[in-house]
Amino acid sequence: MTVQEAYKQLMYGLYALYSDREAAIIADMVVEKVTGFRKIDRIMNKHVPLNREQEYLFNSYSGQLLQHKPVQYVLQEAWFNGLQFYVDERVLIPRPETAELAEWIIKDYRLEAPGTKKILDIGTGSGCIAIALDRFMSFAKVWGWDVSDDALAIAQENAHRLLSE
């Protein structure tokens with residue numbers, strides 16, 4: 001199976017579950033994750049065959065998606081304020097509306113003096129809000145809190161990876 005064949009197969013399969021546009025976006029995400037090819041690379045390399053590992057991943061991801069599993073859980077990643085977060089079923093998928101809220105906070109408080117803000121993210125889940133605020137508001141002290149040990153483990157993993165870059 002070639003890169004283009006994989007893309008089309010998944011996209012057509014997803015038409016039964018999603019709008020044409022959303023199916024194409026999800027297929028793009030999956031093919032990029034499997035091959036490392038962004039959309040332009042996929043177009044230029046459409047006849048490149050998937051290797052055995054790529055085909056296995058593609059089939060696994062496709063099967064999960066066709067069973068209505070959200071793409072973020074299938075790929076175990078979600079983007080939030082330009083940062084790639086690890087997510088799985090132990091946390092909620094970060095919402096675009098929440099990213100807008102974080103952007104609003106960052107914008108409104110960007111000129112603060114160091115150490116002047118303390119922020120507590122209650123129900124931190126993946127840590128997306130706390131980590132984004134900590135990353136883009138160096139003057140603030142930010143904490144994330146959650147009752148779920150599983151969620152805290154994911155938030156700590158994300159914080160370690162995203163705040164040490």
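Helices (H or I, at least four residues) and strands (E, at least two) are DSSP runs, numbered from the N terminus. With that settled, I read the chain through and noted the pattern α-α-α-α-α-β-β-α-β-α-β-α. That gives 8 helices and 4 strands.

A reminder to myself: this is a predicted model, where local features need pLDDT of at least 70 and side-chain atom pairs count only at pLDDT 80 or more, while totals for chains, interfaces and linings use all residues. Residues are numbered from 1 along each chain as its sequence is written, and side-chain values use heavy atoms, with hydrogens and water left out.

Overall extent: I found that the C-alpha atoms fill a box of roughly 55 × 35 × 30 Å along the principal axes.

**Entry: α2 and α4**

Two packed helices are described by the angle between their axes and the distance between the axes. I take axes as lines fitted to C-alpha atoms, for helices over the stretch in contact, with angles from 0 to 180 degrees between N-to-C directions. For α2 (residues 20–35) and α4 (residues 52–65), I get axes that come within 9 Å and cross at roughly 150 degrees. The two are therefore roughly antiparallel; my classes are under 35 degrees for roughly parallel, over 145 for roughly antiparallel, 65 to 115 for roughly perpendicular, and oblique for the rest.

Who makes the contact (heavy atoms within 4.5 Å)? From α2 I list Ile 26, Val 30, Lys 33, Val 34 and Thr 35, and from α4 Gln 54, Leu 57, Phe 58, Tyr 61 and Leu 65. By class I count 7 nonpolar, 2 polar and 1 charged residues there. For the classes, Ala, Val, Leu, Ile, Met, Phe, Trp, Tyr, Cys and Pro are nonpolar, Asp, Glu, Lys and Arg are charged, and the others, Gly among them, are polar.

Next I looked up α6 and α7 (residues 128–136), whose axes come within 10 Å and cross at roughly 25 degrees. That makes α6 roughly parallel to α7. Thr 98, Ala 102, Ile 105 and Ile 106 of α6 meet Ile 129, Ala 132, Leu 133 and Phe 136 of α7.

How do α7 and α8 (residues 149–163) pack? I find an angle of about 20 degrees, with the axes 10 Å apart. So α7 and α8 are roughly parallel to each other too. From α7, Ile 131, Asp 134 and Arg 135 meet Ala 155, Asn 158, Ala 159, Leu 162 and Leu 163 of α8. The class count here is 5 nonpolar, 1 polar and 2 charged residues.

**Entry: the largest pocket**

A pocket, on a 1 Å grid over the protein atoms alone with a 1.4 Å probe, is an open set of points with protein on both sides within 12 Å along at least five of seven lines, and lining residues have an atom within 4 Å of a point. The largest one has a volume of about 640 Å³, that is, the space filled by probe spheres set on the points, which are joined across faces, edges and corners. Of its 21 lining residues, I noted Met 29, Val 71, Gln 72, Ala 78 and Trp 79 as the closest to the centre.

Which elements supply the lining of the largest pocket? α2, α5 (71–75), β1 (78–80) and α6 (96–108) each give at least two residues. α2 gives the most, with 6 residues. By class, I have 13 nonpolar, 2 polar and 6 charged residues in the lining.

Conventions: Contact means heavy atoms within 4.5 Å.
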